[in-house]
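Below is a short briefing on one chain. Please look over the sequence and the model before reading on.

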Amino acid sequence: PTFSPSGNAVAEPLRVPSPTPLDKYWQVPEFVLTERSGAAVSSADLKGKIWVVDFFYTTCPGPCPAMTGRLTGLHEETRSFDDVRLVSITLDPAKDTVEKLRTYAEAHGADERWLFCTGDKEAIYKLANEGFKVSAVEHAGGSEPITHSTKFILVDREGWVRGFYEGTTEEGSKQLAGDVRRLRGERP
């Protein structure tokens, strides 16, 4: 306690600690993909936005439906945030054409803030493994033809990776939603 000149204890003002800023890991490399609309979308187009990235494919028999469900919830929760984008990148560009991605996006209620992207397979796998540092491996002829990370990646307005979140759990989704809000409060 602090004491007044007369020797009486004086209550100190309540100090609310400000949240610790999210770590900055690395900047995402430049890329250009094709969005479900057929338009090119690049890392430069996302500058000034907060974005959440996931790698998936529409015929995934494993975690993708749960991950897309979690992103659908985040999409609804951030509907009024014009500075937030969701970026789902297919790991199966041969099958996930722009038409198929458009149908998939519509089935999940995605608007223009939720991008569904495809492109050159080699470039996508390089972007996943080296750019975002999440695992993506193709297994020809296996029961699951693609094994991939179930992490959502949070990227800030300047293209810095700021966090990784488990994409199949409620806890991961809640933490991600909270950190999206934290980033929105940061000064660019």
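How many of the residues of the chain count as buried? Of its 188 residues, 44% do, where buried means under 20% relative accessible area, exposed over 50% and partly exposed in between (1.4 Å probe, protein chains only). The model is predicted, so local features need pLDDT of at least 70 and side-chain atom pairs pLDDT 80 or more, while totals for chains, interfaces and linings use all residues. Residues are numbered from 1 along each chain as its sequence is written, and side-chain values use heavy atoms, without hydrogens and water.

**Overall fold**
- The chain holds four helices and eleven strands, taken as DSSP runs (H or I, at least four residues; E, at least two) and numbered from the N terminus.
- Among contacts (heavy atoms within 4.5 Å) with a separation of 6 or more, 69% join residues 24 or more positions apart.

**Strand β10 and its partners**
- In β10 (residues 151-155), four of five residues are buried.
- Strand β10 pairs antiparallel with β5 over three bridges; two strands pair if DSSP finds at least two bridges between them.
- V52 has L154 of β10 as its bridge partner.
- Five bridges link β10 to β11 (residues 161-166), again in the antiparallel sense, and K151 stands opposite E166 in β11.
- The hairpin of β10 and β11 has five residues between the strands, and G159 takes a positive phi near 85 degrees there.

**The loop at G62**
- G62 lies in the loop between β5 (50-56) and α1 (64-77).
- With a relative accessible area of 29%, G62 is partly exposed.
- Its C-alpha atom is 9.0 Å from that of T147, 85 residues apart along the chain.
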